[in-house]
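Open the model in your viewer and keep the selection tool at hand. Each stop below says what to select and what is there.

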Amino acid sequence: MSALRVLYVDDEPDIREVALLSMQLDPDVECRAVECAAKAIEIVAAADWLPDLILLDVMMPIMDGPTALEKLRDLPGSAATPVVFMTARAQSFEKERLLKLGAVAVISKPFDPMSLAKQLRAIYAAATA
Amino acid sequence: MNSFDATMATLRARFVARAAEDLLRLRGHQSGMPLPRQDLHWLAHRLAGSAGLFGFDEVGLLAGELDDRLASGGDATTLRELLTALEGVVSENRSAD
């Protein structure tokens, strides 16, 4: 079984580092973490490393998560890739709004570093079943 | 201590150092040097997303509440409570050094 490729976008360095660290605990997950949506778009457009799952922070400067999702949907390499939003504003109406945009799941911040990778693998399995 | 725990300890220390800076900015905001609304919103949002990762749940919850309330008009009470919680984080972790 090849590792689940996760492309993670978050502008906040501490959170990005904890998420990356937690995904590195799982040998079945391979993660690339970037600080802005433009870099994620570059990676997908280059097409030499295509993610199986994209994890997007919602509130980011310059390009927020929902806008990034729209742009990623226009690229052949991520047109159908499952997208998960991560947000500190996790009220149910906000989650519903994000799911309606086309995300397969919404993860609340703060997340559990010990189970993030497992949670992402479960989300991916459900989204591609 | 394994490498995960060691890195988390480093990140936690970095969070506390930044919390001290946030505290100064919020104290300034409360005493005549108001932060631009967008800066205050980003500060609350960042704390809401990160404080809980390092075990500072109360700061995270209050910052989340402030983040929500700023989106709908602001809230001086939550800001004061957040300031108090941040003071606790900074002073407890200073005395632990």
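**Stop one: a valine and its neighbours**

Select A:Val84. Apart from neighbours within four places in sequence, A:Val84 is in contact with A:Leu53, A:Leu55, A:Ala103, A:Val104, A:Ala105, A:Ile107, A:Leu120 and A:Ile123. Two residues are in contact if their C-beta atoms, placed from the backbone, lie within 7 Å.

This is a predicted model: local features need pLDDT of at least 70 and side-chain atom pairs count only at pLDDT 80 or more, while totals for chains, interfaces and linings use all residues. Residues are numbered from 1 along each chain as its sequence is written, and chains are lettered from A and ligands numbered from 1 in the order in which they are written.

**Stop two: the strands on either side**

Helices (H or I, at least four residues) and strands (E, at least two) are DSSP runs, numbered from the N terminus. Select strand S4 (residues 83–87) of chain A, which is joined to S5(A) by 4 bridges, the two running parallel. Strands pair if DSSP finds at least two bridges between them. A:Val84 stands opposite A:Ala105 in S5(A), and A:Val84 is also the bridge partner of A:Leu55.

Now select strand S3 (residues 53–57) of chain A. Is S3(A) enclosed or open? 5 of its 5 residues are buried, so S3(A) is largely enclosed by the rest of the structure. A residue is buried if 20 or more other C-beta atoms lie within 10 Å of its own, exposed if 12 or fewer, and partly exposed in between, with C-beta atoms placed from the backbone. A:Leu53, A:Leu55 and A:Asp57 point one way from S3(A), and A:Ile54 and A:Leu56 the other way. S3(A) runs parallel to S1(A), with 4 bridges between them, and A:Leu7 stands opposite A:Ile54.

**Stop three: a helix with two sides**

Select helix H2 (residues 37–46) of chain A, where A:Ala37, A:Ala40, A:Ile41, A:Ile43 and A:Val44 are buried. Seen down the axis, these buried residues fall within an arc of 160° (taken from the directions from the helix axis to the C-beta atoms), so they line one face of H2(A). They pack against strand S1 (4–9), strand S2 (29–34) and helix H3 (65–73) of chain A. On the other side of H2(A), A:Glu42 and A:Ala46 are exposed.

**Stop four: the second chain**

Show chain B. 16 of its residues are in contact with 13 residues of chain A. Helix H1 (3–30), helix H2 (37–50) and helix H3 (57–71) of chain B each give two or more residues to this side.
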